[in-house]
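This report describes one protein chain in plain terms.

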Amino acid sequence: MSTGMAGTPGLPAARIRDQREAEAWLITERANLIATVLDALSQSDATARLAVRLTELLQWYLYPYARARELWTLGAAVVRTARRLGDREGEAWALHNLSAVYRLHRQFDRMRQCLEAALVIWRETGDREGERRSLHNLADALTEMQSYEESVALQTRQLDLAREAGDVTAQVTGLGDLGRAYRGLGRFGDALTCFEESFQHARKIGDSSLQSFALHEISALCFEQGRNQEAHEYLERAGILGGGHLTTYVSWRGHAWSAFFPACLSLRIGPDIVGPPPL
């Protein structure tokens, strides 16, 4: 299906026919689009509200390309604008999205600050979907910080909300992260139960990538316990589900650019560390 995009006055709008063309358009127009959004945030309330919503969509394009500085610039501007407008939902989403920038930089303390601030708003406004998403990301950050007990508590709450909403995909990912936290605590039996349940839910919804992810996690668990033959068998099953490639695991933990970003920073390749959260 074609989608018309605004173009130069007097010229036909660009026709976007598929994802590849959409990404090509975004690459070409990224700087102009971001400049337009930043300008719109300083305009009338009605225009600024539209710009706030647009940045939520831009997040899904900028994060896989690890455009950390642009993400931070937009996020900080949206937080300020949302506060000016009294837009609590917009502020919470901006804080949630800013947390992804700090994840790229492995600044988990700052990531935690953003997510905890977002959670306060989600709970004040009764937005359980927003709360679930921020809980999931915060639990994941706590696992990275090796704060496994805290992670288990938050991820358990996230799973309760996912089950309440009937969101099976959120249950798949939540069980995977809960299993990782249990593995960090040395609770291998509980971790295996989570990964196996995650696999069953993924199979139920027919998502081979998420099935492959669960099998990768089980294989890692087996390796840690010295069960190497079983580990290799799970890896083979994961490879078959993933079309013979390990890309499914990379897509779960983040797209290629965002996965390589921390390594680039350690080699002093890429942008400087971004500023602190606008809290």
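The chain contains one cavity of 30 Å³ or more. A cavity here is a set of points, on a 1 Å grid over the protein atoms alone, where a 1.4 Å probe fits but cannot get out. Grid points are joined across faces, edges and corners, and a volume is the space filled by probe spheres set on the points. The largest cavity holds about 120 Å³ of space. Its lining consists of 16 residues, and those closest to the centre are Thr55, Gln59, Leu74, Gly75 and Asn97. A lining residue has an atom within 4 Å of a point. The elements that give two or more residues to this lining are α2 (45-62), α3 (68-85) and α4. By class, the lining of the largest cavity has 10 nonpolar, five polar and one charged residues. In this scheme Ala, Val, Leu, Ile, Met, Phe, Trp, Tyr, Cys and Pro are nonpolar, Asp, Glu, Lys and Arg are charged, and the others, Gly among them, are polar.

The model is predicted, so local features need pLDDT of at least 70 and side-chain atom pairs count only at pLDDT 80 or more, while totals for chains, interfaces and linings use all residues. Residues are numbered from 1 along each chain as its sequence is written, and side-chain values use heavy atoms, with hydrogens and water left out.

The protein chain has 13 helices and two strands. Helices (H or I, at least four residues) and strands (E, at least two) are DSSP runs, numbered from the N terminus. Of the 279 residues in the protein chain, 45% are buried. Buried means under 20% relative accessible area, exposed means over 50%, and partly exposed lies in between (1.4 Å probe, protein chains only). Among contacts (heavy atoms within 4.5 Å) between residues at least 6 apart in sequence, 57% join residues at least 24 apart.

How many aromatic pairs are there? The count is one aromatic pair. Trp93 and Trp122 form this pair, which is edge-to-face, at 5.2 Å centre to centre and with 75° between the planes. For such a pair, the rings of Phe, Tyr and Trp (its six-membered ring) must have centres within 6.5 Å; planes under 30 degrees apart count as stacked, over 60 as edge-to-face and the rest as tilted. The pair links distant parts of the chain, with Trp93 in helix α4 (residues 88-104) and Trp122 in helix α5 (residues 108-125), 29 residues apart. Trp93 is buried at a relative accessible area of 18%, and Trp122 is buried at 1%.

Trp122 is also among the residues touched by Ser134, together with His96, Leu115, Ala118 and Leu119, when residues up to four places away in sequence are not counted. Ser134 itself lies in helix α6 (residues 128-144) and is buried, at 0% relative accessibility.

The structure holds zero disulfides, a disulfide being a pair of cysteine sulfur atoms within 2.5 Å. Cys114 is buried, with a relative accessible area of 0%, and Cys194 is buried too, at 6%.

Cys194 leads on to helix α10. Ile218 and Cys194 are 24 residues apart in sequence and 9.6 Å apart in space, C-alpha to C-alpha. Ile218 is found in helix α10 (residues 208-224) and is buried, with a relative accessible area of 3%. Leaving out residues up to four places away in sequence, Ile218 touches Leu192, Phe195, Glu196 and Tyr234. Glu217 is in helix α10 as well, and is buried at 2% relative accessible area. Glu217 and Ala191 are 26 residues apart in sequence, and their C-alpha atoms are 9.2 Å apart in space.

Most residues other than glycine have a negative phi.

| Residue | Phi | Place | Relative accessible area |

Notes
On a 1 Å grid over the protein atoms alone, a cavity is a set of points where a 1.4 Å probe fits but cannot get out, and a pocket is an open set with protein on both sides within 12 Å along at least five of seven lines; lining residues have an atom within 4 Å of a point.
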